[in-house]
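Biologist: I have a chain here and would like to go through it with you. Could we start with its pockets and then turn to its core?

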Amino acid sequence: MPSAADESLDYDLLIVQVCEFLDNGDGIHRFHGPSQALAELPGVCVIDIDLTHRLLLPLVRQCDVLILAGFDPDLAPLLELRRQQGRITVFEANDFYDDVHPWNPLATRWYDRAIQTTFRQGLEQCDAVQTSMPELARRWRLKTPRPVRAFPNQLIDIPPVRPARTGPLT
């Protein structure tokens, strides 16, 4: 884990995204792809981490921006501390879970009231909400007083393909 005393790490902004490691649309387009793109910016370090990872709490305490694609109510005191320190926490709400279609693989999970309650806590306790399209942003604005911003999954213009990376995978 990076520490403030470690001068070998050269970054000005540490972003930690708490998410599942998926190889489907969400994993590629909402989590890991944007993390990779942000990490290529000068001075930016991005870490994707699972909600159950042993280094989660130290990273939550240290990062400048925390993105939660899932919520654990036990994090609430840390989120308040982060707010007092001027560090932002963003909640990822990329689907409208109040109306999940039965064919959706997550449908059974989202019918669980405990999951719904935890999700609503995330909407209310984080500093902002990010979602995948303007219509979802409109709907989430009805459910939270927090600022909501849409970051579309689809790009209007396709950027040039980057050359393949060389070197070790970290």
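Biologist: How much space lies in the largest pocket?

Modeller: The model is predicted, so the value is computed from predicted atoms. The space in the largest pocket comes to about 1,000 Å³.

Biologist: Which element gives the largest share of the lining of that pocket?

Modeller: The lining has 37 residues, and the closest to the pocket centre include H29, G33 and P34. Elements that give two or more residues to the lining include β1, β3, β4 (88-92) and α1 (25-39). With 10 residues, the largest share comes from α1.

Biologist: Which residues have the most contacts inside the largest nonpolar core?

Modeller: In soluble globular proteins, nonpolar side chains tend to be buried together. Here the largest nonpolar core has 30 residues. Among the elements that give two or more residues to this core are β1 (13-18), β3 (65-68) and α5 (113-125). The residues with the most contacts inside the core are V16, L66, L68, F91, F119 and W140.

Biologist: Is D10 buried or exposed?

Modeller: D10 lies in the segment before β1. Exposed means over 50% relative accessible area. The relative accessible area of D10 is 72%, so D10 is exposed.

Notes: Residues numbered from 1 in each chain as written. Predicted model: local features only at pLDDT ≥ 70, side-chain atom pairs only at ≥ 80, totals over all residues. Heavy atoms only, no water. Core = buried A, V, L, I, M, F, W, Y, C linked by side-chain atoms within 4.5 Å. Buried < 20%, exposed > 50% of the residue type's maximum accessible area, 1.4 Å probe, protein only. Helix = DSSP H or I, 4+ residues; strand = E, 2+ residues; numbered from the N terminus. 1 Å grid on protein atoms, 1.4 Å probe; cavity = no way out; pocket = protein on both sides within 12 Å on 5 of 7 lines; lining within 4 Å. Points joined across faces, edges and corners; volume = space filled by probe spheres on them.
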